Amino acid sequence: MRIGIIGAGAMARALGGGWSAAGHEVLVGARSAGAAGELAAAIGARAGTITEAAGFGDVVVLALPVPALREVLHAVGDLLVGRTIIDCTNAFAPDTAAPEGVTAFVLAEDAVAERVSAQAPGAHVVKAFNLCAAEVWEAKARVFDGRRLAVPLCGDDETAVRAVAALAEDLGLQPISAGGLHRARYLEAMSVFTVGLWFAGHDARAMFPPLAAAFAVAD
């Protein structure tokens with residue numbers, strides 16, 4: 001599969017490196033030609049501009065800070081028509097109401113994935129890979145407590161969701177179809193909550209029992 005990655009940071013390195021190693025054609029595009037070239041050389045990909053990355057991929061990954069999305073999507077919007085977009089972004093901001101010395105976050109913007117979809121009409125947006133830091137996706141560990149690390153996917157186009165699910169499998173991850181794009185805002189909220197717990201030294205996974213013990217009776 002041809003994958004265009006817009007961005008040259010840690011997430012671009014983690015995902016792009018994994019997909020390049022899995023045999024996919026990857027092109028990294030960034031505003032800095034030097035950064036794109038350095039990352040591409042490190043992960044065995046091609047380097048180019050943001051426009052070239054948008055036009056190259058069957059799948060285009062937005063591995064950017066949220067504040068940069070508007071400008072980038074304005075520049076490449078027409079090139080994204082008919083393509084699958086992976087939005088792995090998070091709009092984190094410090095929680096100024098947290099007690100002194102506690103690292104915590106809030107969402108600086110709700111429903112980023114829905115905004116991406118509105119700014120790229122004709123593209124098929126899938127929210128994915130936003131719950132964990134890039135270092136997790138880059139690490140070799142994939143099974144924890146006997147369970148393969150899962151990636152929830154939210155998107156409206158079934159073909160696009162299947163394509164992203166296949167890419168998650170190529171990274172050794174377990175894709176989970178989590179509903180339409182309107183549900184992506186819950187993934188974004190979940191990320192800001194769980195990451196805050198991790199930063200505070202709490203095991204967020206301990207909140208959830210395994211499936212066999214996760215039962216409830218409808219009211």
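A residue counts as exposed when its relative accessible area is over 50%, and as buried when that area is under 20%. With that cut-off in hand, F215 counts as exposed because its relative accessibility is 72%. Please note that this is a predicted model.

**The exposed phenylalanine**

- F215 sits in the segment that follows α8 (184-199).
- How far apart are F215 and M190 in sequence and in space? They are separated by 25 residues in sequence, and their C-alpha atoms lie 21 Å apart.

**The nonpolar cores**

- The largest nonpolar core is made of 37 residues. Within this core, the residues with the most contacts are L15, W19, V61, I86, F129 and W137.
- Two or more residues of this core come from each of the strands β1 (2-6), β2 (25-29), β4 (59-62) and β11 (150-155), and from each of the helices α1 (10-21), α2 (33-43), α6 (134-138) and α7 (158-170).
- Which element gives the most to this core? That is α7, with six residues.
- Setting aside neighbours within four places in sequence, V61 is in contact with I3, G4, I5, I6, L15, W19, I86 and C88.

**Helices α1 and α2**

- The axes of α1 and α2 are 9 Å apart, and the two helices pack at an angle of about 40°. The pair is therefore oblique.
- The crossing of α1 past α2 is right-handed.
- On the α1 side, the contact is made by A12, R13, G16, G17 and S20, while α2 brings L39, A42 and I43.
- By class, the residues of this α1 and α2 contact are four nonpolar, three polar and one charged.

**Helices α4 and α5**

- Helix α4 (residues 69-76) and helix α5 (residues 112-119) have axes that come within 10 Å and cross at roughly 25°.
- Why do α4 and α5 count as roughly parallel? Angles under 35 degrees fall in that class, so α4 and α5 are roughly parallel to each other.
- α4 and α5 make a right-handed crossing.
- L69, R70 and L73 of α4 meet V112, R115, V116 and Q119 of α5 in this contact.
- The contact of α4 with α5 divides into four nonpolar residues, one polar residue and two charged residues.

**Two residues with positive phi**

- A111 has a phi near 55°, which is a positive value in a residue other than glycine. You will find A111 in the loop between β7 (105-107) and α5.
- Is A111 buried or exposed? A111 counts as buried, because its relative accessibility is 10%.
- F129 is not a glycine, yet its phi is positive, at about 65°. The loop between β8 (124-127) and α6 holds F129.
- With a relative accessible area of 1%, F129 is buried. F129 is also one of the residues with the most contacts inside the largest nonpolar core.

Note on methods: Residues numbered from 1 in each chain as written. Predicted model: local features only at pLDDT ≥ 70, side-chain atom pairs only at ≥ 80, totals over all residues. Heavy atoms only, no water. Axes fitted to C-alpha atoms, helices over the stretch in contact; angles between N-to-C directions. Helix = DSSP H or I, 4+ residues; strand = E, 2+ residues; numbered from the N terminus. Parallel < 35°, antiparallel > 145°, perpendicular 65-115°, else oblique. Left-handed = near helix turned anticlockwise from the far one by under 90°. Contact = heavy atoms within 4.5 Å. Nonpolar A, V, L, I, M, F, W, Y, C, P; charged D, E, K, R; others polar. Core = buried A, V, L, I, M, F, W, Y, C linked by side-chain atoms within 4.5 Å. Buried < 20%, exposed > 50% of the residue type's maximum accessible area, 1.4 Å probe, protein only.
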